[in-house]
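Please open the structure in a viewer and keep the selection tool at hand.

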Amino acid sequence: MLGKVLRDRLIRAVTRPPFRDELGRKGRFERIARAGPHLIRRLRLVIDGWPRWSHPLRVLFLSDFHTGSHSDDVARLEGIVAEARAFNPDLVLLGGDFVNMQLFGAGRVPPKVIAAVLAQLDARYGQFAVLGNHDYLYGAREVADALRAHAITVLDDESRSVKVKNHSIDLVGIPNARVESARSKQLLAGLAPERPSIVLTHDPMWFANVPRGTLAGHTHGGQISLPGVGLLKNASKAPLRWTHGLIRERGQYLYVTSGIGTSGVPLRWRVPPEFVVLDVIGPPVAAISTVGAATGCLSASTA
């Protein structure tokens, strides 16, 4: 615990928040900190217990921005947002780690600039976010205030009921990797099995406690995958099999995104950045078991 406190103090002393460079200039690191091309992951999930609407619920999921970790990152984020908007999402979910806390390389973009860009993601049923561990290291209040000032709802161990075409979706937000709170466990344990739900969590470790489905990030997909070896770690207490992509266990879904930015060093290898478009719907009536189908919960987490 003492080691973590000292490490966090060192990072803050070097990065010196609050940040003020609205362009996120990289200086001498400009040439070596360029981001690779990103992918668009598109999935269609048919989940027992979800409503059978005429059209699926389209969920846009982005996470681990670390805006400023790469060269020209504000312009890059603007381009990604413009591309993502074209999918006309019903719901936008943001998985945390908005700011860049790399020890070197500059790129210190203030949260208000990042929030202003993300606010351009229009969604019929709103935008929701959780904070990641880097946001807490920077200053959780400033990051959350910036998001809320642009009408992005920040869920801090909170739940919301989202009304979608006469059906209610329970949305739970679990922030801050590496912190396990009693409130988080209480929220997850209280999910009603008969109601569709989405758990938005920064760290995929929470999938172990989720009775339904989850979206997560934090791991960056491992960020670096060595040929013939694969991933070495995922910066989470979650097992390596929960590092990236769509996972189905215990009849529930977890999607872990590799995210947009980087931490530690501005480098990815064989793990490209991405954003995710999820089309979610219930099965046809004839396909639902008369015994009673388990409610599908989609968990979102950032890799």
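Begin by selecting Val74, Leu77, Glu78 and Val81 in helix α2; these residues meet Val113, Ile114, Val117 and Leu118 in helix α3, where contact means heavy atoms within 4.5 Å. Helices (H or I, at least four residues) and strands (E, at least two) are DSSP runs, numbered from the N terminus. Sorted by class, the contact of α2 with α3 has 7 nonpolar, no polar and 1 charged residues. In this scheme Ala, Val, Leu, Ile, Met, Phe, Trp, Tyr, Cys and Pro count as nonpolar, Asp, Glu, Lys and Arg as charged, and the others, Gly among them, as polar.

The model is predicted: local features need pLDDT of at least 70, side-chain atom pairs count only at pLDDT 80 or more, and totals for chains, interfaces and linings use all residues. Residues are numbered from 1 along each chain as its sequence is written, and side-chain values use heavy atoms, with hydrogens and water left out.

The axes of α2 and α3 come within 9 Å and cross at roughly 20 degrees; axes are lines fitted to C-alpha atoms, for helices over the stretch in contact, and angles run from 0 to 180 degrees between N-to-C directions. The helices α2 and α3 are therefore roughly parallel to each other, a term for angles under 35 degrees. Their crossing is right-handed, meaning that the near helix is turned clockwise from the far one by less than a right angle.

Which residues meet at the contact of α3 with α4? Pro111, Lys112 and Ala115 in α3 meet Tyr138, Glu142, Val143, Ala146 and Leu147 in α4. By class, this contact has 6 nonpolar, no polar and 2 charged residues.

Turn next to the charged pairs. The structure holds 12 salt bridges, each a side-chain nitrogen of Lys or Arg within 4 Å of a carboxyl oxygen of Asp or Glu. Select Arg42 and Asp279, whose side chains meet in a salt bridge (4.0 Å, N to O). Arg42 lies in strand β1 (residues 39-46) and Asp279 in strand β14 (residues 274-281), so this pair ties together parts that are 237 residues apart in sequence. Arg42 is partly exposed at 48% relative accessibility, whereas Asp279 is buried at 11%; buried means under 20% relative accessible area, exposed over 50%, and partly exposed in between (1.4 Å probe, protein chains only).

Since Arg58 lies in strand β2 (residues 57-62) and Asp279 in β14, the pair ties together parts that are 221 residues apart in sequence.

Move on to Asp90 and Arg124, a salt bridge with its closest N and O atoms 2.2 Å apart. Asp90 lies in the loop between α2 (73-85) and β3 (91-94) and Arg124 in the loop between α3 and β4 (127-129), so the pair ties together parts that are 34 residues apart in sequence. Asp90 is buried at 7% relative accessibility, and Arg124 is exposed at 59%.

Finally, show the whole chain. The chain contains 5 helices and 15 strands, and buried residues make up 55% of its 303 residues.

Definitions and conventions. Parallel < 35°, antiparallel > 145°, perpendicular 65-115°, else oblique.
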